[in-house]
Amino acid sequence: MEWIIAGGGIHGCTIATYLIKGKGIPASQICIIDPHKGPIEKWKDLTSRISMPFLRSPSVHHCDIHPFSLHYFNDGGSDVFYGKYKRPGLDFFNRHSEAIFSSIGLQERWLQGRVQGVTKSGNHWVVETDSGSVEGKNLVIATGMNERLSVPEWAEELRSSRPTQVGHIFQEKLPVVTPDIAVVGGGITAAHLVIKLAREHPGRVVQISRHPYRVHDFDSDPGWLGPKCLRGFHSLPSYKKGGKPFTMHAIAGQ
């Protein structure tokens with residue numbers, strides 16, 4: 001195997017698409033390991049939970065290698081783009097992603113399972129999973145942070161004592177949500193959730209945030225798309241800087 005990708009979410013599938021369509025790597029030389037049944041399944045679940053209607057990023061952010069791939073994709077759907085920066089509708093984005101993945105046979109390169117360990121054997125990586133082991137020349141880690149929930153101590157105590165009433169929006173199984181409801185958080189996910197719940201339970205939802213709403217055009221700095229931010233990142237000689245390590249979301253190579 002030429003490439004092993006641990007994680008089949010947005011980043012893992014985008015990397016696989018780039019390798020196949022952009023670098024000419026045969027699909028047969030790629031293996032994607034993920035605990036879910038198919039590409040971006042976790043993404044679909046989480047965005048559905050909060051009823052996110054449009055993406056938080058412009059139309060050039062997607063899983064294909066061509067910047068304007070979304071613009072040229074037309075399957076007759078509605079709610080395609082929104083606003084000045086052409087934010088794609090969630091359903092439209094998902095249909096586009098599915099079409100791209102289907103065209104390169106990504107599902108056939110899927111190994112459903114969880115990575116349990118990684119070792120180096122000669123010039124290959126050996127990845128152990130609960131579904132067996134896989135060997136590959138290159139390894140990409142694209143596992144994301146969805147299963148590493150940021151829960152404050154006071155909330156952890158409440159989750160333990162009242163598991164049917166208190167929960168994190170990204171946890172595997174949500175508690176039964178009945179009014180009155182308090183949503184703690186002031187970010188975009190909290191705002192989406194509050195809008196959804198307020199429509200379902202008018203006057204029975206309150207949002208608790210440590211700051212007023214902060215309005216931005218994007219959820220991440222567009223400078224990371226080009227040299228403005230990437231030049232400094234690429235010049236780093238190590239994953240450590242000033243003695244403080246930063247999180248590596250992907251690694252590749254021998």
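**Figure 1. Aromatic pairs in the predicted model.** This predicted model contains six aromatic pairs, as found by a search of the whole structure. One of them joins W43 and F93 in a tilted arrangement, with 5.7 Å centre to centre and 55° between the planes. Because W43 belongs to helix α2 (residues 41–49) and F93 to helix α4 (residues 90–103), this pair ties together parts that are 50 residues apart in sequence. W43 is partly exposed, at a relative accessible area of 23%, whereas F93 is buried, at 3%.

**Figure 2. The tilted pair of F54 and Y82.** The rings of F54 and Y82 are 5.1 Å apart, centre to centre, and their planes are at 35°. F54 is buried, with a relative accessible area of 15%; Y82 is partly exposed, with a value of 47%.

**Figure 3. Further surroundings of aromatic rings.** F73, F81 and F92 form a cluster linked by ring pairs. In another view, K120 is placed over the face of W125, at 4.9 Å from the ring centre.

**Figure 4. The largest nonpolar core.** This core holds 31 residues, and those touching the most other members are I5, I30, I32, F101, L106 and V183. At least two residues each are supplied by β1 (3–6), α1, β2, α4, β10 (181–184) and α6 (188–200). Helix α4 provides the largest share, five residues. In soluble globular proteins, nonpolar side chains tend to be buried together.

Figure 5. Leaving aside residues up to four places away in sequence, I32 touches I5, G7, G8, A16, L106, R109, W110 and L111. Another core, of seven residues, lies apart from the largest one; among its members are I4, C31, W125 and V127.

**Figure 6. The loop residue I25.** I25 is located in the loop between α1 (10–22) and β2 (30–34). Its relative accessibility is 17%, so I25 counts as buried, the cut-off being under 20%. Not counting residues up to four places away in sequence, the contacts of I25 are W3, L19, I20 and I30. The C-alpha atoms of I25 and W3 are separated by 8.9 Å, while the two residues are 22 residues apart along the chain.

Technical notes. Residues are numbered from 1 along each chain as its sequence is written. This is a predicted model: local features need pLDDT of at least 70, side-chain atom pairs count only at pLDDT 80 or more; totals for chains, interfaces and linings use all residues. Side-chain values use heavy atoms; hydrogens and water are left out. Helices (H or I, at least four residues) and strands (E, at least two) are DSSP runs, numbered from the N terminus. Buried means under 20% relative accessible area, exposed over 50%, partly exposed in between (1.4 Å probe, protein chains only). Contact means heavy atoms within 4.5 Å. Rings of Phe, Tyr and Trp (its six-membered ring) pair if their centres lie within 6.5 Å; planes under 30 degrees apart count as stacked, over 60 as edge-to-face and the rest as tilted. A charge sits over a ring if NZ of Lys or CZ of Arg is within 6 Å of the ring centre and within 35 degrees of the ring normal. A nonpolar core is a set of buried Ala, Val, Leu, Ile, Met, Phe, Trp, Tyr and Cys residues joined through side-chain atoms within 4.5 Å.
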